[in-house]
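Subject: Structure handover

Hello,

Here is the structure we talked about. My notes follow below it.

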Amino acid sequence: MEQGVETMKTSTMAVQIGVGRDATGAMSFPIYQNATFSHPAFGESTGYDYSRSGNPTRRVLEEGIAQLDGGARGFAYSSGMAAIANLLLLFKQGDHLVVTEDLYGGTFRVIDKVFVKQGLTATYVDTSVPEAVGRALRDNTRAVLLEVPTNPLLKVADIRKISDMAKGRGILTIVDNTFLTPYLLRPLELGADAVVYSATKFISGHNDVLAGLVVVKDEELGKQIYFLQNSVGAVLGPQDCWLVIRGLKTLSVRIDRQLENARTIAEWLVRQASVKKVYYPGLETDPGHCLLKAQARGFGAMVAFEVADRRVAEDVLRKVRLISFAESLGGVETLITYPAFQTHADMDPSERERMGINDRLLRLSVGIEDEGDLLDDLGQALSGGEEES
Amino acid sequence: MKIGTKILHTGNEIDPTTGAVSIPIYNSATFRQTSVEECGPYEYSRSANPTRDALEAIIASLEGGAKGFAFSSGMAAISSVFLLFSPGDHIVACEDVYGGAYRVLTKLFSRLGIEATFVDFTDVARIREAVRPNTRALYLETPSNPLLKITDLRAVSALAKEKGILSIIDNTFMTPYLQRPLEYGMDIVIHSATKYLGGHSDLIAGLAVAADVKLASQIKFIQNAFGAVLGPQDCWLLMRGIKTLKARMDMHQKGAARLAEWLQGRPEVKEVFFPGLSGHPGKKIHESQADGPGGIVSFRLQTEELTKQFLGRVRLPALAVSLGGVESIISYPVTMSHAGMHPDHRKRVGVTGDLVRLSVGIEDPDDLIEDLNSALSKV
């Protein structure tokens, strides 16, 4: 495949990952289930020595994601948290981070319970307010870590504005792009220095693999990350690399469908008397709508909503049939989550309540089922009537 | 439930013991038994395997049949179904059938005393003429491979019922998302699941679905006795592929429609075969039995020489056999998919040196058009 990659659309690039890379012509790049590589002669290497340092299957994935995000280099890890933790290892005792306040509970936990012990400090702010980010920056601040949109409240940060502010002071801007993927949002083009993914989610898309990815904009940062990846060794195995590649091939068709369904569901939820509030940046009334529209090609497939009280929330979770009550997100099947008790259980309860991650909030990861069937299921779950047997 | 949802939720996709939303891969050959008197639900994976069971239930549900069967390749599925027949039996098959099916009928089953006659299935009168007292089955593809001719499924199944014989269809090009032949009275549906059902050009698999329990028990006997079963890893991959069938197929069709229209407007192109084109002779029948034209477009260039040059210059679609993957594949039926067909037969049905078959992937159609445009412009 020799067409100029820079002119190609993201959907085409994603489909073509690994095609033409193998000597046998195999359309699907092989799984190099291999730990070590024999050397042609003393002092010579094929480019591969040991799979922690480099594996051909992993390399196809790493180069593929780097290409999709327009970065210099990509890295694959054994989970999204392994990817984030590896990035955080860039920093040292005394360094300070500015972090999105309503971020994924696992990221909060690793910063709060692991890295703070190592001497890092972090300030949590509402990153949808650039001034709040500006006010939080200190002399020892080394990075701003953003989720766009945030999890679970789907607030939108201005990546360009924040990264401009950070660049002037030698601070890295890191974006967790798990919710939108490079198909919809390319943070490096907006000035970010690194992008991180839980590839378990939309990137892989089938709820069947755990994986994390990092893409960096320039080679210099790439060298530092490579050192950490190889030293710490939280690499993704070849079987799972291959599954993520396979998932990436359908990225555009899955997300196109998920977007359509998410919009329909969000608009429908707004009209339900039992729903008090809907969080979805695709709604024109959403505070992040215009900003996300300017930065991204779509609004994603995550929809959060608030019901009247905890009893109703628990009712919905008990009554959904087609939709599975499970953690995680981004797969082809629609999932519903109770953030306060699942993904964000590690946050301080009063902090949670202040931000709006309360016991009335439910989060939907919209799949690719028929929209009518999803609405039917949500309709019966929200109806308030007794459960049918 | 709509077919687009059913693809994801037939009820067989969740592990009953742990709730895992992805069925476990049971890489187990044999199963420990609790007593000598009675065996548990599984004994030995050739007979049944939990991962394969889930896949077989899914395809049966999607096609609306009594039972599904998973085989190690599309040809293993076709061959296992043909093993229903005995020496002296006769099959009437459509003339522009997949080269591999033609080969197994003319070179292998013929040796076992099972005869086949190939006729144009677009004309039911021709099929009727070919039926003999010892005919046991009608075997067809619609749309056919590679010329995308359309057979009237209702008419064929009515003829089969009238004669008391089986009607068997290879539904590979359509998948149950677009066409469910059992609803029109066909008896057996076969798939090369390597193609659209798997969808990623990364596994080899075949499926068969029987309309009724009696026929299913005969196929079950052959599957277990002959043993051309699909391994659990590949069963699992195939289930993973099926989850995105609708999303992929919608894009395949959109791209194919764009390319077919575009090809029609090119002076280098002599003829375009695609059931979605307004001039396609089978369009009306196709639309009455299928929900879309599919993702395969075949076309003829002005000369054989031009065709070969063109194939040498295409960059984005891979020059390869097979079809139905997310990546576009371009192939030359004469030396590839239909190499197994006798040259005279190929000539008679129109599989000639100027013919190209394009399996349109889910890349952005603009990129595909740009690539074909640059390849055509240079010839």
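This is a predicted model: local features need pLDDT of at least 70, side-chain atom pairs count only at pLDDT 80 or more; totals for chains, interfaces and linings use all residues.

Two strands pair if DSSP finds at least two bridges between them. Helices (H or I, at least four residues) and strands (E, at least two) are DSSP runs, numbered from the N terminus.

Residues are numbered from 1 along each chain as its sequence is written, chains are lettered from A and ligands numbered from 1 in the order in which they are written, and side-chain values use heavy atoms, with hydrogens and water left out.

Chain B, sheet

Ala318(B) has Ile329(B) in β11(B) as its bridge partner. Strand β11 (residues 329-331) of chain B runs parallel to β10(B), and 2 bridges join them. Both belong to an open sheet of 5 strands, ordered β8-β9-β12-β11-β10 (chain B), with mixed pairing. At the edges stand β8 (269-273) and β10 (318-319) of chain B; each has a single partner strand, so one side of each has no neighbour in the sheet.

Chain B, overall

Chain B holds 14 helices and 12 strands. Its C-alpha atoms fill a box of roughly 75 × 50 × 35 Å along the principal axes. The radius of gyration is taken over C-alpha atoms, and the globule rule is 2.2 Å times the number of residues to the power 0.38. For 379 residues a compact globule would come out near 21 Å, and chain B agrees with 21 Å. Of those 379 residues, 61% count as buried (under 20% relative accessible area; exposed is over 50%, partly exposed in between; 1.4 Å probe, protein chains only). Contact means heavy atoms within 4.5 Å. Among contacts in chain B with a separation of 6 or more, 72% come from residues 24 or more positions apart.

Chain A, sheet

Chain A has an open sheet of 7 strands in the order β1-β7-β6-β5-β4-β2-β3, again with mixed pairing. Its edges are β1 (73-77) and β3 (121-125) of chain A, each with a single partner strand, so one side of each is left without a neighbour in the sheet. Neighbouring strands are turned by 20° against each other on average, direction ignored. Axes are lines fitted to C-alpha atoms, for helices over the stretch in contact; angles run from 0 to 180 degrees between N-to-C directions.

Strands β6 (residues 194-198) and β7 (residues 212-216) of chain A pair in the antiparallel sense over 5 bridges. Val195(A) has Val215(A) in β7(A) as its bridge partner. Helix α2 (residues 56-69) of chain A packs on the sheet and touches β1, β6 and β7 of chain A; its direction makes about 130° with that of β1(A). Helix α6 (residues 159-167) of chain A also packs on the sheet, touching β4 (141-147) and β5 (172-176) of chain A, at about 150° to the direction of β5(A).

Aromatic pairs

There are 9 aromatic pairs over all chains. Rings of Phe, Tyr and Trp (its six-membered ring) pair if their centres lie within 6.5 Å; planes under 30 degrees apart count as stacked, over 60 as edge-to-face and the rest as tilted. Phe108(A) and Tyr124(A) form a tilted pair, 5.3 Å centre to centre with 55° between the planes. Phe108(A) is buried, at 12% relative accessible area. Tyr124(A) is partly exposed, at 24%.

Regards
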